[in-house]
Each structure stands twice: as C-alpha cells, then as structure tokens.
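Please walk through this fold with me, beginning with the pairing of its strands and ending with its pocket.

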Amino acid sequence: MNTPAFETSDDDPTAIRLAQFLAHPPAKVWRALTEPELIAQWMMPGDFRLEVGHRYEMAGVPRPNTNFSGTVVAEVLAFETERMLRLRWRDADEGQGNLADWTITWTLEPEGRGTRLFLVHEGFDPDDPYQVQAHRIMSGGWRSIVTQRLGQALNDL
C-alpha cells in the first residue's frame, strides 16, 4: 500500500479527519488509547475506563478564544477492542455559552507490521464563530498530538 504516513482532510467544517501510520501493532496502539496512565502521557489526564457509559473528566488548557473552559467531560459511547473507540466530548462549563458536543472516533486498521490510525472528530457548528476557531485550532492540535506525542508514548512503551 502506497499511502502517505500522515493524511488529513480540512474540507469539512463540521469534522476533523486524519489518518496516521504508526509503526506499532494495533494491540500497542489500543493500549495507548485506553490505559489512563498512557492517555495522560500524550493527551490529557483523566479517569478513563473502557466501559460503555463511563463518564470522566480530562483537564486541559483553557482557551478563551474558543470558549473552552479547560475541562472536557467525556463519555465512552462504544468500542470494539483493538479496532474502534468512540467518545463524546463536551465542555464542562456549558454556562459560558459553550455548546460543544463532539464525537471522537478512533479506528485502528492493521497495516503491515504497524497500524493505520484514523481519527474523526465531528460535531462542529460552522455557524458558531467559537466552534469555527476551535475547529481550526484542534485540527492542527490533533496533527501534532497524534504525530508527535502519541508516537513518542508508543515508542516509550
């Protein structure tokens, strides 16, 4: 298969889509996506538990220009071990007018000796200027997090 190591699509204002080849087997990538101490190394710390319906919070950096309070309220919506993980993300401070209600879906596909990791982050409102700004920032953020921080966490395993 002759696909680039990193692919992204920015043509949909309601979603962020990216694909990244990781030179690690799906079982290892799955661990990085689902073990709380590993998630904290590459994304945000939180009380994640691989259980449909489990709700937890993750602490990030507040971003007033996107109306983000700095705390994500997340919920595990679905999973297929070593294949797919779907989460719901909302801002903890809905009182500030933040209507963010996003779905994050990770899909893993074996590829050679590694894994093709797909991310779909959807639910952005293209009519909300804060959401447009969030889409722009998070699109770049996901690229760097997945290519650098997740890759480093996997290398350290």
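Two strands are said to pair if DSSP finds at least two bridges between them. In this predicted model, strand E2 (residues 15–22) and strand E7 pair in the antiparallel sense, and eight bridges connect them; within that pairing, Leu 18 has Leu 119 of E7 as its bridge partner.

Strand E7, which spans residues 114–122, is mostly covered, since seven of its nine residues are buried. Strand E6 (residues 101–111) also runs antiparallel to E7, joined to it by nine bridges, and here Ile 104 stands opposite His 121 in E7. The hairpin of E6 and E7 leaves two residues between the strands, and in it Gly 112 takes a positive phi near 60 degrees.

Ala 27 lies in helix H1, which covers residues 26–34, and although Ala 27 and Thr 115 are 88 residues apart in sequence, their C-alpha atoms are 9.2 Å apart in space. Ala 27 counts as partly exposed because its relative accessible area is 34%, a value that falls between the 20% limit for buried and the 50% limit for exposed.

What remains is the largest pocket, whose volume is about 470 Å³. Its lining comprises 17 residues, of which Met 44, Arg 63, Phe 68, Met 138 and Ile 145 are the closest to the centre. Helix H3 (residues 129–156) gives the most to this lining, contributing seven residues, and by class the lining holds 12 nonpolar, three polar and two charged residues.

Notes. Residues numbered from 1 in each chain as written. Predicted model: local features only at pLDDT ≥ 70, side-chain atom pairs only at ≥ 80, totals over all residues. Heavy atoms only, no water. 1 Å grid on protein atoms, 1.4 Å probe; cavity = no way out; pocket = protein on both sides within 12 Å on 5 of 7 lines; lining within 4 Å. Points joined across faces, edges and corners; volume = space filled by probe spheres on them. Helix = DSSP H or I, 4+ residues; strand = E, 2+ residues; numbered from the N terminus. Nonpolar A, V, L, I, M, F, W, Y, C, P; charged D, E, K, R; others polar. Buried < 20%, exposed > 50% of the residue type's maximum accessible area, 1.4 Å probe, protein only.
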